[in-house]
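Please look over the sequence and the model below before reading on. The notes that follow are grouped by topic.

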Amino acid sequence: MADASELPKVASHLILWLSYAFFLAVGLLIAWKYRNQSKTEFLHSNRTQKAIPLALNFVASAMGSGILFSYPELGTIAGVQGVITYAACSAIPLLAFPFLAPLIRKKLPDGFILTMWVQERFGLIASLYISLLSIATMFLYMVAELSSLGQVVTSLTGLSGLSVIIVEVVVTSIYTAIGGFRVSFITDNFQGAMIAALIIICACAVGTKVRINPDAIPASGLAQPTLLGYQLILMLLVGIMFSNLFLSGYWMRAFASKSDKDLWLGCSLAAVVVFVILLLVGSTGFIAVWSGVFDPASGEYGGLAFFMLLKTLPNWVIGFILIMVVVLSCAVFDSLQSAMVSTLSNDVFRNKLPLLGIRAVVWALIVPIVIIAIRAPSILQIFLITNVFASAALPSVLLGLSDKYFWFLRGPDVIIAGFGGMFSVWIWGTAYYGGDVLKGAELMILKNGMYAGDWAAFGVFIVAPLGSLIFLALAAGTRLAIIHAYCKATGKMFTALDKLTRRVDTRLFNEVDEEVDVLDD
């Protein structure tokens with residue numbers, strides 16, 4: 001990675017370690033205050049939070065130090081249109097939670113993560129399927145966050161990224177292990193406010209210190225709309241929205257809202273703030289081009305544009321950026337840790353393993369997370385993998401929220417639909433690349449990224465959800481046909497399309513329990 005303007009080593013050490021010491025102290029104080037909370041309170045904070053704290057939490061959870069790479073990179077490729085699209089498509093999906101969470105809360109008042117409702121609606125096996133995908137998504141997000149943290153710190157200070165990664169893991173693990181979700185929620189309140197304040201300070205510095213060459217604006221073409229810019233509207237909106245729904249941390253914050261009104265107001269405020277922050281960060285990409293500090297034709301990685309721009313700024317700005325990076329990363333990583341604990345405790349261990357045991361499992365998972373993070377070649381690639389899998393798995397699950405139109409869907413249907421969505425992507429890729437099955441498989445993880453300039457990646461975010469729904473219809477139709485044929489052959493009553501009027505056991509695929517229960521009657 002290219003060197004950016006670096007802070008003196010002494011100043012870098014002071015800023016980093018004092019920042020982490022501050023968050024550790026605050027986290028421990030909050031954890032001590034709530035030391036007598038129950039296991040339930042440790043795992044979630046249902047119906048306790050008003051709109052402003054919710055907004056700050058969603059802002060903090062939606063950031064991460066990786067924004068300093070990914071958004072400026074797109075600014076150097078798709079210009080103003082691309083940055084506006086990326087920022088909007090990152091903010092708008094937050095509004096899915098005030099739409100979906102109240103629907104789930106009516107069906108499952110005590111729920112605090114999506115998979116609890118999935119088990120209630122589709123059965124244990126389907127719930128475990130979604131839980132594993134959710135845990136895998138959080139695992140990859142933790143990898144991406146630590147990877148970007150290490151790269152940012154190395155670029156800004158020249159210090160070892162590994163040492164900072166280890167310190168952050170230790171600090172966040174200590175205070176979340178003691179205080180649980182509540183300490184993560186409270187620390188995110190002031191972390192969200194700090195992020196907004198630091199962004200404003202740094203934006204003012206860029207606006208007053210950086211000189212743009214007016215002639216470079218039309219020459220770069222970055223002020224003009226492009227085909228890629230229009231393609232990204234669909235790709236980013238679909239990918240980010242479904243990927244967000246896999247993150248338990250968002251659901252825990254949504255269910256923490258005191259009322260639906262608080263959730264709507266909190267998410268709306270967060271969406272506006274997130275859009276503005278990401279727009280400012282992404283703008284550094286094309287500003288770096290227009291000011292002459294980054295040349296897209298050089299072949300250099302566009303994610304470095306932000307750091308190249310820092311070369312023109314005084315060291316105090318870099319100091320503020322470094323503090324902001326620590327705040328961004330701690331806010332995201334402690335949220336992911338607490339969400340991982342809650343998900344593992346509820347979904348995998350059925351709340352039968354002590355909290356210390358759950359924490360030990362999460363700490364064990366963090367070891368490979370750190371190892372992969374220091375070797376991760378591409379942060380964007382990590383996010384793209386989760387986007388594709390989420391786009392294939394979740395559309396069929398969400399249809400289950402409608403008791404009026406899709407009451408007949410069952411656990412096996414949504415599992416087959418998820419795999420069918422990914423299979424559809426492979427079929428699309430193989431066909432697009434002229435029968436090359438290997439390239440078709442590579443498209444499932446978007447190996448060539450989203451900015452290749454062709455229609456392959458664009459097609460993925462149409463084919464994944466659409467293919468999933470086609471396979472859902474085939475699976476449900478086949479299942480119903482088999483049950484109908486069985487009932488006709490045995491003379492038993494066909495009840496697979498009857499609407500349920502009572503709660504049933506969901507230890508396995510719930511349609512099996514229901515049908516056997518009826519047949520035994």
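Leu438 is part of helix α18 (residues 437-443), helices being DSSP runs of H or I with at least four residues, numbered from the N terminus. This is a predicted model, in which local features need pLDDT of at least 70 and side-chain atom pairs count only at pLDDT 80 or more, while totals for chains, interfaces and linings use all residues. Residues are numbered from 1 along each chain as its sequence is written, and side-chain values use heavy atoms, with hydrogens and water left out.

**Leu438**
- Leu438 counts as exposed because its relative accessibility is 55% (exposed means over 50% relative accessible area, buried under 20% and partly exposed in between, with a 1.4 Å probe and protein chains only).
- Leu438 and Trp426 are separated by 12 residues in sequence and by 9.1 Å in space, C-alpha to C-alpha.

**Helix α6**
- Eight of the nine residues of helix α6 (residues 114-122) are buried, so this helix is largely enclosed by the rest of the structure.
- The buried residues of α6 include Leu114, Met116, Trp117, Val118 and Phe122, and also Arg121.
- After α6 comes Gly123, with a positive phi near 100°.

**Helices α7 and α8**
- Helix α7 (residues 124-157) packs against helix α8 (residues 161-209) at an angle of about 130°, and their axes are 8 Å apart.
- In α7, Leu146, Leu149, Gly150, Val153 and Thr154 meet Gly161, Val164, Ile165, Glu168 and Val169 of α8, where contact means heavy atoms within 4.5 Å.

Conventions
Helices (H or I, at least four residues) and strands (E, at least two) are DSSP runs, numbered from the N terminus. Axes are lines fitted to C-alpha atoms, for helices over the stretch in contact, and angles run from 0 to 180 degrees between N-to-C directions.
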